[in-house]
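Before you set up any calculations, here are a few notes on the fold and its packing, to be read with the coordinates open.

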Amino acid sequence: MKILVTGAAGFIGSHTAERLAEMGHQVIGIDNFSPYYNIELKELNAKALSEKGIEVLRVDLRTDDLQKALPEAIDIIFHFSAHPGISNTSTFEDYFSNNILATKNLLDFALQCEKTPFLVNIGTSSIYGLEATFPEDVAPKPASWYGVTKLAAEQLVLAKSREGKLQATSLRLYSVYGPRERPDKLYTRLIDCGLNNKPFPLYNGSEKHLRSFTYVQDIVDGIVSVLDKETIVNGEIFNLGTEEESTTATGIETVETLLNTTIKVSAKPPRAGDQSRTKANIDKARKLLGYNPTTTLKEGLKAQIAWFEENFIK
Ligand SMILES: NC(=O)c1ccc[n+]([C@@H]2O[C@H](COP(=O)([O-])OP(=O)(O)OC[C@H]3O[C@@H](n4cnc5c(N)ncnc54)[C@H](O)[C@@H]3O)[C@@H](O)[C@H]2O)c1
């Protein structure tokens with residue numbers, strides 16, 4: 001299969017591109033190397049992909065002429081690119097253009113292809129709102145620009161499936177961590193603070209937040225499980241994540257134990273739109289995709305610490 005991966009220089013997209021190539025697919029990545037976080041990290045990911053024969057083209061889905069910029073005869077698109085997370089320094093325009101407009105442009109590109117590709121949209125548990133413990137069919141109640149724009153992107157894709165214009169599915173991911181995790185996220189920050197003796201910025205009350213912390217290779221297992229299941233998954237949404245819940249406090253303690261250190265905390269005001277509880281309900285993915293995440297938080301964090309030390313501690 002010829003597979004296009006958008007956001008291939010990012011955290012989850014880069015792991016998925018590698019897995020697809022290992023499975024024998026021809027993979028082409030695209031990314032605009034957005035400065036949302038350190039571009040050098042994205043370049044590091046792209047270099048790792050290039051060493052495995054996966055090219056990452058510099059393409060901006062918002063502005064580039066996609067018919068000229070993207071390869072032809074693509075069988076499948078995995079759509080990871082997005083303005084992710086909740087951040088005080090991001091504008092509504094960042095979320096709107098990278099999540100909604102870029103997805104609309106990608107859809108327009110897919111629909112003019114001679115053979116219409118199967119489109120796998122990467123969604124998020126943030127669309128459920130402050131609590132994300134539900135099956136896929138409850139009414140979404142996003143509480144952040146991120147959640148609202150990701151919901152709109154998902155619905156743009158699924159609307160075309162409902163119209164019968166293309167086959168598509170959307171996978172809602174839960175709190176992914178592991179090697180290459182974004183630097184704005186919990187575990188990369190914690191590991192950095194623990195190893196470099198820096199204070200960890202803890203948003204007040206967030207130590208009690210519950211999360212389905214899901215190891216990136218378990219997420220990739222779920223993502224690639226839709227291959228060859230187009231007719232089963234077309235028009236459907238699947239939650240992907242671990243059913244195991246941990247508090248942020250447990251996450252901090254686990255990193256402290258693995259690093260054999262105590263991490264100093266610097267208290268910050270709570271973040272608007274931060275979810276209080278996420279617990280992936282994966283009954284549908286278990287049944288239809290055979291999805292079964294197994295990595296424990298301790299095992300996953302060991303791998304993430306090893307990656308951090310190898311790349312950032314000289
Ligand atoms: N990390 C998580 O815990 C998590 C949880 C739920 C859902 N997701 C979803 O997974 C996907 C990947 O997230 P991630 O954590 O790997 O983020 P990431 O920021 O590491 O990856 C996204 C990539 O998309 C690229 N990009 C952004 N705008 C673009 C544009 N206009 N054109 C081309 N490329 C563009 C960025 O440069 C980046 O490399 C996102 O859709 C996100 O919403 C992530």
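1. Two strands are taken as paired if DSSP finds at least two bridges between them. By that criterion, in this predicted model, strand β1 (residues 2–6) runs parallel to strand β2 (residues 26–31) and is joined to it by 5 bridges; within this pair, Val5 stands opposite Gly29 in β2.

2. These strands belong to an open sheet of 7 strands with parallel pairing, in the order β3-β2-β1-β4-β5-β7-β12. Its edges are formed by β3 (55–58) and β12 (237–240), each of which pairs on one side only, and neighbouring strands are turned against each other by 20° on average, with direction ignored.

3. Helix α2 (residues 39–51) packs on the sheet, where it touches β2 and β3, and its direction makes about 140° with that of β3. Helix α7 (residues 216–224) also packs on the sheet, touching β4 (76–79), β7 (168–173) and β12, with its direction at about 165° to that of β7.

4. The largest nonpolar core comprises 69 residues, and those with the most contacts inside it are Val5, Ile77, Phe78, Val120, Leu190, Ile219 and Leu240. Because domain 1 (2–174 + 216–240) and domain 2 (186–210 + 244–279 + 294–312) both give residues to this core, it lies between them.

5. Which residues is Phe78 in contact with, leaving aside its neighbours within four places in sequence? They are Ile3, Val5, Thr16, Val120 and Ile223.

Definitions and conventions: Residues are numbered from 1 along each chain as its sequence is written. This is a predicted model: local features need pLDDT of at least 70, side-chain atom pairs count only at pLDDT 80 or more; totals for chains, interfaces and linings use all residues. Helices (H or I, at least four residues) and strands (E, at least two) are DSSP runs, numbered from the N terminus. Axes are lines fitted to C-alpha atoms, for helices over the stretch in contact, and angles run from 0 to 180 degrees between N-to-C directions. Two residues are in contact if their C-beta atoms, placed from the backbone, lie within 7 Å. A nonpolar core is a set of buried Ala, Val, Leu, Ile, Met, Phe, Trp, Tyr and Cys residues joined through C-beta atoms within 7 Å. A residue is buried if 20 or more other C-beta atoms lie within 10 Å of its own, exposed if 12 or fewer, and partly exposed in between; C-beta atoms are placed from the backbone. Domain bounds come from an automatic or database domain assignment.
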